[in-house]
Amino acid sequence: KDVRVIDLSRVLAGPYCTMMLGDLGAEIIKIEAPVRGDDTRHWGPPFAEGGESAYFLSTNRNKRSITLNLKSPNGMEVLKDLIRTGDVLIDNFKKGTLEKFGLDYEALQELRPGLIYCTITGFGYTGPYSDRPGYDFIIQAMGGLMSLNGPKDGEPFRVGIAIADILTGIYAGNAILASLFARERTGEGQRIDMALLDSQVASLSHVASNYLITGERPKRFGNEHPTISPYQVFKASDKYFAIGTGNDLQWVKFCKAIGREEWIEDERFATNPKRVENRDRLTPLLQPIFETKTAAEWIEMGDQIGLPAAQINAVDEVFADPQVIARDSVNEVDHPTAGRIKIAASPLKIPTNPTSVRYPPPLLGEHNEEILRDVLGYSEEKIEELKLDGLV
């Protein structure tokens with residue numbers, strides 16, 4: 001609360017970040033190009049009733065929208081006035097775009113001392129690729145993720161969502177929150193340089209560590225886990241499901257439950273390192289066993305003995321799952337043209353101070369007059385002039 005974010009970002013990484021900040025109570029002023037607006041307004045089908053794209057609706061709640069022509073000197077002056085009122089400025093323009101307008105970090109600090117300025121680009125502001133445009137699909141390829149995803153002997157696969165964008169949005173939100181916390185102590189602003197590639201490389205996590213420790217190139221394992229076994233997808237008598245033994249104690253419980261106590265002491269399978277080493281022997285032994293029961297029966301067994309197991313849900317099944325429902329994972333909001341719509345809720349569960357949806361995803365320029373009048377204090381005459389000049 002009482003933090004104003006001037007949001008020049010569009011598409012996914014930046015809007016995901018500012019939506020998260022908005023869920024936490026920040027005031028988000030989303031600046032869009034006149035007429036067209038955020039590119040994702042046109043990404044579809046599907047479109048909700050009234051023409052708003054489902055994609056745009058997914059990442060733009062808790063924001064007010066103002067259209068502003070930044071190519072006009074007068075439009076740039078309006079932006080500067082907004083920055084003077086803000087705590088955070090975020091953009092995902094190509095490297096150096098605001099600098100071309102004389103708005104480098106030092107100039108921004110003169111406009112608004114203590115401003116936190118965050119840029120999101122594909123490759124960051126340094127390095128040989130810094131001038132390249134960045135797209136999630138390309139970053140998944142370059143950042144190692146596609147080399148890990150897909151069947152063992154097939155082609156590399158992308159993740160089915162724009163995961164590099166989303167991760168970068170989350171990391172950027174963390175950096176902004178940390179900078180706000182630091183400013184409370186020092187009064188100083190921060191310059192944050194977020195890159196999709198950096199976020200993707202960081203998210204390689206233990207796989208990166210495996211390589212950095214051993215020097216060995218990680219392989220694709222399909223639905224198997226590279227360092228735990230069994231921990232993968234199997235086919236039951238009716239359909240595929242996921243099951244895993246996360247440690248040797250769970251392995252013992254599993255062996256007893258399926259009547260294979262002899263495997264507990266079998267030197268090939270007694271410890272996780274041995275099971276990983278001999279996974280090509282173990283998996284063919286397990287698959288016929290799993291085919292004797294339904295997926296639901298195996299999941300019930302897992303619940304009984306404390307073994308992780310789950311059906312592989314399609315998206316419609318996800319939102320029908322009782323746990324997802326119990327966790328209030330969907331919000332219903334009233335939208336000015338689409339009516340009552342459902343959107344995925346914030347995952348940030350803070351019972352002492354819950355997140356909230358104060359604004360539905362905005363129409364393009366829906367809050368032009370409201371922001372110009374109430375935030376900037378412009379007169380009705382000046383607002384009309386800006387409209388006539390096509391600046392808003």
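A search of the whole structure finds 24 salt bridges, a salt bridge being a side-chain nitrogen of Lys or Arg within 4 Å of a carboxyl oxygen of Asp or Glu. This is a predicted model, in which local features need pLDDT of at least 70, side-chain atom pairs count only at pLDDT 80 or more, and totals for chains, interfaces and linings use all residues. Residues are numbered from 1 along each chain as its sequence is written, and side-chain values use heavy atoms, with hydrogens and water left out.

**Stop 1: salt bridges**

Select Asp131 and Lys95, whose side chains meet in a salt bridge (3.9 Å, N to O). The two belong to distant parts of the chain, 36 residues apart: Asp131 is in the loop between β5 and α6, and Lys95 is in the loop between β4 and α4 (97–100). Helices (H or I, at least four residues) and strands (E, at least two) are DSSP runs, numbered from the N terminus. Asp131 counts as exposed at 64% relative accessibility, while Lys95 is partly exposed at 31%. For these words, buried means under 20% relative accessible area, exposed means over 50%, and partly exposed is in between (1.4 Å probe, protein chains only).

Next, pick Glu224 and Lys152, where the closest N and O atoms of the salt bridge are 3.2 Å apart. Glu224 sits in the loop between α10 (205–214) and β7, and Lys152 in the loop between α7 (145–148) and α8, so this pair ties together parts 72 residues apart in sequence. Is Glu224 buried or exposed? Glu224 is buried, with a relative accessible area of 16%, whereas Lys152 is partly exposed at 38%.

Now show Arg340 with Glu332, a salt bridge whose closest N and O atoms are 3.4 Å apart. Arg340 is exposed, at 52% relative accessible area, and Glu332 is partly exposed, at 43%.

**Stop 2: the parallel sheet**

Switch to a cartoon view and find the six strands of an open sheet, in the order β3-β2-β1-β4-β5-β6, with parallel pairing. Two strands pair if DSSP finds at least two bridges between them. At the edges stand β3 (64–67) and β6 (190–195), each with a single partner strand, so one side of each has no neighbour in the sheet. From one strand to the next, the twist averages 20°. Such angles run from 0 to 180 degrees between N-to-C directions, and the axes are lines fitted to C-alpha atoms, for helices over the stretch in contact.

Zoom in on β1 (residues 4–7) and β4 (residues 88–91), which pair in the parallel sense over three bridges. Which residue of β4 does Ile6 stand opposite? Its counterpart there is Leu89.

Helix α1 lies across β1, β2 (27–32), β4 and β5 (116–121), at about 155° to β2. Helix α8 (residues 163–186) packs on the sheet too, touching β4, β5 and β6, and its direction makes about 170° with that of β6. Contact here means heavy atoms within 4.5 Å.

Colour α1 (residues 13–23) by accessibility: ten of its eleven residues are buried, among them Cys17, Met19, Met20 and Leu21.

**Stop 3: the antiparallel sheet**

Select β7, β8 and β9, three strands that form an open sheet in that order with antiparallel pairing. The edges belong to β7 (231–235) and β9 (309–311), each with a single partner strand, so one side of each is left without a neighbour in the sheet. The twist here averages 25° from one strand to the next. Strands β8 and β9 pair over three bridges, and Phe241 stands opposite Gln311 in β9. Helix α14 (residues 279–290) lies across β7 and β8, at about 45° to β7.

Click on Gly244 in β8 (residues 240–244); Gly244 is buried, with a relative accessible area of 4%. Leaving aside neighbours within four places in sequence, Gly244 is in contact with Pro230, Tyr231, Gln250, Leu307 and Pro308.

**Last stop: the whole chain**

Zoom out to see 19 helices and eleven strands. The C-alpha trace spans about 85 × 45 × 40 Å along its principal axes. Of the 392 residues, 43% count as buried.
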